[in-house]
Amino acid sequence: MPVETVASKEKDTSRRWVSGLDELERTPVTETRWGRFATRLWAGTWPKVLALVLVIGAWQAIFLSGRWDPWVLPSPLMTWQELSAYAVTPGFWQAILITMQRALTGFALSVAIGSVLGIAVARFKPLRAAIGSMITGLQTMPSIMWFPLAILLFKISESAILFVVVLGAVPSIANGIISGIDYVPPAWKRVGSVLGMKGLTLYRHVILPATLPSFVSGLKQGWAFAWRSLMAGELLVIVAGQGSIGALMQGAREFNDAPRVITWIITVLVIGIVVDAFFRAADNRIRSSWGLNQDR
């Protein structure tokens with residue numbers, strides 16, 4: 001058989017393979033939109049349900065073992081009854097409101113200070129040499145170490161709590177911006193310069209948008225530090241007339257009200273999960289706008 005004939009047949013076979021693959025990609029998906037939504041919802045729900053069942057099962061097993069008295073470690077049912085009854089009272093929601101106001105105020109201050117600090121450190125090399133490592137050192141410090149100083153400076157007040165919240169969150173936010181700016185590709189900066197951008201204009205239109213994923217990651221970590229600092233502060237600094245989550249939890253502990261204590265633990269956990277879902281949605285939005293989302 002001539003070589004040309006063999007080559008022609010191989011080329012025809014390759015074309016048929018490629019045509020088949022193209023047709024496969026063009027084949028419409030028979031699953032409906034609601035079906036895909038239900039599939040994703042189930043895929044994201046059943047692991048959480050399973051984890052919840054395992055935790056409650058282990059909790060119930062420990063309770064039945066008799067290792068601790070019921071007034072020290074109540075059963076899941078006792079805690080659920082307490083949570084259901086307490087969640088409909090005004091005091092429960094008032095405490096959450098006070099705590100969330102503190103959290104949002106401290107976090108907003110942290111974002112403002114951390115953003116300015118991060119941009120300044122990334123922009124000016126002498127400043128990075130002076131305090132760059134100090135920011136990382138502050139990030140690793142336990143927040144509770146600041147409370148004795150905060151109480152000396154601001155007494156037993158809201159300011160003492162906010163002082164520690166800000167110190168806990170600012171380093172993470174600043175490091176997020178610094179890391180994001182450091183990893184902006186040099187080619188992007190050159191393109192901006194070619195287009196006539198420099199100084200603040202270059203930062204506004206090229207560098208800062210490129211740091212957005214790292215910035216959101218820093219915000220998420222900063223919120224975690226701020227939330228931990230706030231919970232520690234409310235347990236240690238009881239402000240008169242401010243029935244926050246930490247203050248009411250400390251009061252329940254003093255009266256050996258274990259179901260109430262665990263109720264507040266569950267409440268704090270749920271708030272943390274809700275906030276994490278918000279940051280995850282923001283991260284997914286950024287990924288989608290950058291074309292990085294993949295169907296799983």
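This is a predicted model: local features need pLDDT of at least 70, side-chain atom pairs count only at pLDDT 80 or more; totals for chains, interfaces and linings use all residues.

**The nonpolar core**

The largest nonpolar core contains 47 residues, and those with the most contacts inside it are Ile 96, Trp 223, Trp 227, Leu 230, Ile 245, Trp 264 and Ile 271. By nonpolar core I mean a set of buried Ala, Val, Leu, Ile, Met, Phe, Trp, Tyr and Cys residues joined through side-chain atoms within 4.5 Å. Buried means under 20% relative accessible area, exposed over 50%, and partly exposed in between, with a 1.4 Å probe and protein chains only. The elements that give two or more residues to this core are α4 (90–123), α6 (147–154), α7 (158–182), α9 (200–210), α10 (212–236), α11 (245–254) and α12. The largest share, ten residues, comes from α7.

Residues are numbered from 1 along each chain as its sequence is written, and side-chain values use heavy atoms, with hydrogens and water left out.

What is Trp 264 in contact with, leaving aside its neighbours within four places in sequence? Its partners are Tyr 86, Phe 92, Ala 95, Ile 96, Ile 245, Leu 248 and Met 249, where contact means heavy atoms within 4.5 Å.

Let me turn to the chain as a whole. Its secondary structure comes to twelve helices and zero strands; helices (H or I, at least four residues) and strands (E, at least two) are DSSP runs, numbered from the N terminus. Of the 296 residues in the chain, 31% are buried. Among contacts between residues at least 6 apart in sequence, 70% join residues at least 24 apart.

Next, the second largest pocket. Its volume is about 680 Å³. Of the 18 residues that line this pocket, the closest to its centre are Leu 52, Val 55, Ile 56, Ile 266 and Leu 269. A pocket here is, on a 1 Å grid over the protein atoms alone, an open set of points where a 1.4 Å probe fits, with protein on both sides within 12 Å along at least five of seven lines; lining residues have an atom within 4 Å of a point. The volume is the space filled by probe spheres set on the points, which are joined across faces, edges and corners. Helix α12 supplies the largest share of the lining, eight residues.

Finally, Met 134 lies in helix α5 (residues 125–140) and is partly exposed, with a relative accessible area of 48%.
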